[in-house]
Amino acid sequence: MSVMILNDKCTILLNCELYFRTLTQKPVADAFHTTETVITLAVESIKEVKKLVDQAVLAGARTQIPAQDHGKWYKWGFEDIDGHL
């Protein structure tokens, strides 16, 4: 398990699948067939978005939709090697 403390109100816990299975009696979602979570990151510029997505793709991720410029915000994402958005 990894713990990431963002601030005094937000902590993120990342669990391996074997441990995660001990936390629930329900089946664990198969991210290639269902969406179990969407994680969103905010960065300061379009350049940072492109850099983040490019690095993810180099590490094995794949983009699902083209980048979208909505004027006030810019959106582009990727699916990681396990199928998570």
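Let's start with what covers the buried residues of helix H2: that cover includes strand E4. Keep in mind that this is a predicted model.

Which residues of H2 are buried? They are Val49, Val53 and Ala56. They cover an arc of only 60° around the axis, so they sit on the same side of H2. The helix geometry explains the spacing. An α-helix has 3.6 residues a turn, so residues three or four places apart point the same way. Now turn to the other side of H2. There, Lys47, Lys51 and Leu58 are exposed.

The helix itself runs over residues 46–58, which is 13 residues. From first C-alpha to last, H2 reaches 18 Å. That is close to the 18 Å expected at 1.5 Å a residue. After H2 comes Gly60, with a positive phi near 115°.

Next, Glu79. Where does Glu79 sit? Its place is in the segment after strand E4, residues 74–75. Is Glu79 buried or exposed? Glu79 is buried, because its relative accessible area is 7%, and the cut-off for buried is under 20%. What does the side chain of Glu79 make a polar contact with? The partner is the side chain of Gln64, at 2.9 Å. Leave aside the neighbours within four places in sequence. Glu79 is then in contact with Phe32, Ala61, Arg62, Gln64, His84 and Leu85.

Now a contrast, Asp8. Asp8 lies in the loop between strand E1, residues 2–7, and strand E2, residues 10–14. Asp8 is exposed, because its relative accessible area is 75%, and exposed means over 50%. One distance to note: Asp8 and Ile65 are 57 residues apart in sequence. In space, C-alpha to C-alpha, Asp8 and Ile65 are 34 Å apart.

Last, the whole chain. The protein chain has two helices and four strands. From the N terminus on, the order is β-β-α-α-β-β. The radius of gyration is 15 Å, well over the 12 Å that the globule rule gives for 85 residues, so the chain is more spread out than a compact globule. Along the principal axes, the C-alpha trace spans about 45 × 35 × 20 Å.

How much of the chain is buried? Of its 85 residues, 9% count as buried. Then the contacts. Take those with a separation of 6 or more: residues 24 or more positions apart account for 26% of them. Finally, surface. The accessible surface of the chain comes to about 7400 Å². Carbon and sulfur atoms hold 57% of that.

How values were computed
Residues are numbered from 1 along each chain as its sequence is written. This is a predicted model: local features need pLDDT of at least 70, side-chain atom pairs count only at pLDDT 80 or more; totals for chains, interfaces and linings use all residues. Side-chain values use heavy atoms; hydrogens and water are left out. Buried means under 20% relative accessible area, exposed over 50%, partly exposed in between (1.4 Å probe, protein chains only). A polar contact is a pair of N or O atoms within 3.5 Å; within protein, one must be able to donate a hydrogen and the other to accept it, and residues adjacent in sequence count only if both atoms are side-chain atoms. Contact means heavy atoms within 4.5 Å. The expected span of a helix is 1.5 Å times one less than its number of residues. The arc is that of the directions from the helix axis to the C-beta atoms. The radius of gyration is taken over C-alpha atoms; the globule rule is 2.2 Å times the number of residues to the power 0.38. Accessible areas come from the Shrake-Rupley method with a 1.4 Å probe; for residues, only the protein chains shown count as cover.
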